[in-house]
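Let's take a friendly walk through a protein model, starting with charged side chains that pair up. Keep the sequence and the 3D view open as you read.

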Amino acid sequence: MSQSQRSVLPVVLAAGLGTRMKSSTPKVLHQLCGRPMLAYVLDAAEEVGHRRPLVVYSPATAAITEVFADRADFALQSTPLGTADAVRAALAAAPTEIAEVLVLSGDVPLVDPDVLAELIDLRRARDAVMTIVSVRMIDPAGLGRVVRSDDGGQVLRIVEQKDGTPEELEIDEINAGIYAFDGQWLRRRIGDVKPSPVSNEFYLPALVELAAEDKRAVISLEVEDDGTLAGINDRSQLADAEFELRTAINEAHMLSGVTMVDPSTAYVDATVELASDVILEPNVILRGSTRIGAGTRIGAGSQIVDTIVGRDCLVWASILECSEVEDEVQIGPFSHLRPKSSIGRNARLGNFAEVKASRLEPGVQQHHFSYIGDAVLGEKTNVGAGTITCNFDGTQKHKTKVGKRVFLGSSTMLVAPLQLGDDARTGAGSVVTKDVPAGMLALGVPARLREPRKPGTKLPPDKAE
Ligand code: UD1
Ligand code: MG
């Protein structure tokens, strides 16, 4: 952090109703690549400010105080009367001696911290009371236009869309909604902003004219339109911003050694970690705290949420939620790991295998049409086609424990609570209601116990794999 940034208080405006989102969720809590919009603004604020960001909220956006309690202070704007009124509310909650205030909009999430640092330095270097960020946009509709003196040198005022004359609305230079202020000047003048006669709102950009009255400079930092300063007011702009961010995320992963067969269809949250030599096939969605180990291939159509996948795995057109998968596992096509599943090294899950809250020890095979819930399956156990843990008795869930090297014949119903010892076997179609000791065979409906036949003799017809 440079010396010039030591006294900066970052203020983030997030009290607006966000009516153009047409949503019951506060605008700044809408997600971009898996994180709320406001999280990105706070990242930038933390990088350049030396104080905890001060976020302005209103009763309608009070949910943000819970979501961000650990990383911001909050100021209440009881009625959102406009951005100047929001800053007034922030100053009422801020220490009086603040020398510099950086104002950020909660709805401009992709803002680059380097631009903020430049904005702060520019204000100091030019001894301005206020610096703004301006961008020339192909489509400036909806945004505040920067009106300059005839020679183009001086910023005279900023005109909002609602208030502009047709001539003013022709201007393509817009105000990005990000400002650095001399703290003491801001405190003196914020109360002098008059409401717009058109909308009745107190506009923060009206301070440009108050600075002119005081014969103090307002300097504009003009930056290229690279998409990072786009404000999000509606869902279409939300989708545009998500596209920009997704493209940047994918680019960074590819440069660190991830193959994306078609990056335009790889949907990877900002929070996901991918090791080198991961391969993402088309139409893959990776969400939340997901981590994928080196050399793992995620096949087309897979969706993985909050799941850790080890090295050299293959996940093929499957859905994995809140689970853990060790190294060299193969899953799919069309498997479903539901929450709290843990799959041991080198296990194989195949067509329509569903697992919930269960541990499959290394080398388990579960290839076809099966459901394992609330269970532990020991090493190298084989789950025959159509096998199901009947874990729910209509009222309660019960557990199933299956030992090592157990052979579950096709269409075995394991009626929990139940335990099967190591090397036990079940016959095809058996309904197992009682525990099976190690090495025993359970057969029939309901299953009865027998000694298994000696190796090499004919087994029950349960090997329909
Ligand atoms: C604002 C600027 C506009 C700029 C644009 C850039 C004003 C009057 N206009 O317009 O010049 O081009 O941003 O994106 O400032 N907010 C409050 N309290 C309020 C009103 C708004 O905290 O009473 C917050 C909102 O939650 C939002 C931010 O301020 O995060 C900006 O408000 P918004 O209504 O989106 O302003 P824009 O119309 O986008
Ligand atoms: Mg806006």
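Glu 354 counts as partly exposed, at 25% relative accessibility. Here buried means under 20% relative accessible area, exposed over 50%, and partly exposed in between (1.4 Å probe, protein chains only). Its partner is Arg 338, and the closest N and O atoms of this salt bridge are 2.7 Å apart. A salt bridge is a side-chain nitrogen of Lys or Arg within 4 Å of a carboxyl oxygen of Asp or Glu. Arg 338 sits in the loop between strand 25 (336–337) and strand 26 (342–343), while Glu 354 belongs to strand 28 (residues 353–356), 16 residues apart. Helices (H or I, at least four residues) and strands (E, at least two) are DSSP runs, numbered from the N terminus.

This is a predicted model: local features need pLDDT of at least 70, side-chain atom pairs count only at pLDDT 80 or more, and totals for chains, interfaces and linings use all residues. Residues are numbered from 1 along each chain as written, chains are lettered from A and ligands numbered from 1 in the order written, and side-chain values use heavy atoms, without hydrogens and water.

The whole structure holds 29 salt bridges. Three of them are set out here.

| Salt bridge | N to O distance |
|---|---|
| Arg 338 and Glu 354 | 2.7 Å |
| Arg 189 and Glu 213 | 3.0 Å |
| Arg 189 and Asp 214 | 3.0 Å |

Arg 189 is buried, with a relative accessible area of 12%. Glu 213, in contrast, is exposed at 55%, and Asp 214 is partly exposed at 31%. Elsewhere, Arg 136, Arg 148, Asp 172, Glu 173 and Glu 222 are linked in a network of salt bridges.

Which residues coordinate the magnesium ion (ligand 2)? They are Asp 107 (OD) and Asn 233 (OD1), at 2.0 to 2.3 Å. Donors are N, O and S atoms within 2.8 Å of the metal (3.2 Å for Na, K and Ca), and water is not among the atoms, so sites may look incomplete. Both Asp 107 and Asn 233 are buried.

Next come the domains, whose bounds come from an automatic or database domain assignment. The chain is divided into domain 1 (3–223) and domain 2 (235–454), with C-alpha centres 48 Å apart. In contact (heavy atoms within 4.5 Å) are 12 residues of domain 1 and 12 residues of domain 2. The count of salt bridges between domain 1 and domain 2 is zero.
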